[in-house]
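Hello,

Here is the structure I promised to pass on to you. Please have a look at it first, and then read my notes below.

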Amino acid sequence: MILFLDEERAYLNWIAHHRRGFVLDCLRKPTKAHLALHRATCLEVKHNGSKRTHWTTGRHMKGCSLQLDELKTWATEQTGSEPTCCAQCAPDREPSAQEAEAHLTRLDRELLSYVLDIATCHLDDEDRAYRLTVGMVARCFGKTEGQLTASLSRLVDDGLLLILGKTKPGQVLSPRCGVFPTAQALRTLEFYAGFGDEQIEAELSKLGPD
């Protein structure tokens, strides 16, 4: 969990790069009356160029984490009460596959589509071994691994891709890292939309991710 005080730029940078994260909106001296949880993508806590506001200045601060329960626990310890959940972004509800896709950039969508195409080719013909790396994706798109790292990382943060191999935050992905779709990604395809969790996991196991 990170608390942002008088750090507008750092806070806006965090939510921009952690779209699967959560934000606790509260006063510097937390009170039950002003204690709300949001998704990092929620417009209520996201930079809006049309107005000026205090995100982490004045009387305000923000708590950020990739774990919702971590923010709930901190809020309860500070005020003796659980925070309310934003009705607009519903942070306590698992987003649907369609909602997860809604904010992807054009390149994000093209990368996801490509990975799913390769994966479904394997799933349709299990005799074909699945192998897809960051380097292979970069060559297909005519780009460098560095040019794709931001988009691939966003897809990982959104729970749509799994990157296997040695990776470090803020560094270019290695061309040898494996690229796999997740259960959430498969559900974006009409054929798999109605599959149960066990069916989806069984399909994914055929791709061989560890």
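Let me begin with a pair of charged side chains: Lys 206 and Glu 203 meet in a salt bridge, at 2.9 Å from N to O. By salt bridge I mean a side-chain nitrogen of Lys or Arg within 4 Å of a carboxyl oxygen of Asp or Glu. Lys 206 is partly exposed, with a relative accessible area of 33%, whereas Glu 203 is buried at 15%. Here buried stands for under 20% relative accessible area, exposed for over 50%, and partly exposed for in between, using a 1.4 Å probe and protein chains only.

Before going on, some background: this is a predicted model, in which local features need pLDDT of at least 70 and side-chain atom pairs count only at pLDDT 80 or more, while totals for chains, interfaces and linings use all residues. Residues are numbered from 1 along each chain as its sequence is written, and side-chain values use heavy atoms, with hydrogens and water left out.

Glu 110 is partly exposed at 34% relative accessibility, and Arg 106 is exposed at 68%.

The other salt bridge joins Asp 108 to Arg 154, with the closest N and O atoms 3.1 Å apart. Asp 108 is buried, at 0% relative accessibility, and Arg 154 is partly exposed at 25%.

The axes are lines fitted to C-alpha atoms, for helices over the stretch in contact, and the angles run from 0 to 180 degrees between N-to-C directions. On the H4 side, Leu 107, Asp 108, Leu 111 and Leu 112 take part, and they meet H6 residues including Gln 147, Leu 148 and Leu 155. Contact here means heavy atoms within 4.5 Å.

H6 also packs with helix H5 (residues 134–141), at an angle of about 110° and with the axes 9 Å apart. This makes H5 roughly perpendicular to H6. Val 134, Gly 135, Val 137 and Ala 138 in H5 meet Glu 145, Leu 148 and Leu 152 in H6.

Finally, please look at Asp 25 in strand S2, residues 22–31. Asp 25 is buried, with a relative accessible area of 16%. Its side chain makes a polar contact of 3.0 Å with that of Lys 62; such a contact is a pair of N or O atoms within 3.5 Å, where within protein one must be able to donate a hydrogen and the other to accept it, and residues adjacent in sequence count only if both atoms are side-chain atoms. Leaving out residues up to four places away in sequence, Asp 25 touches several others, among them His 34, Val 45 and Met 61.

Best wishes

Methods: Helices (H or I, at least four residues) and strands (E, at least two) are DSSP runs, numbered from the N terminus. Angles under 35 degrees count as roughly parallel, over 145 as roughly antiparallel, 65 to 115 as roughly perpendicular and the rest as oblique.
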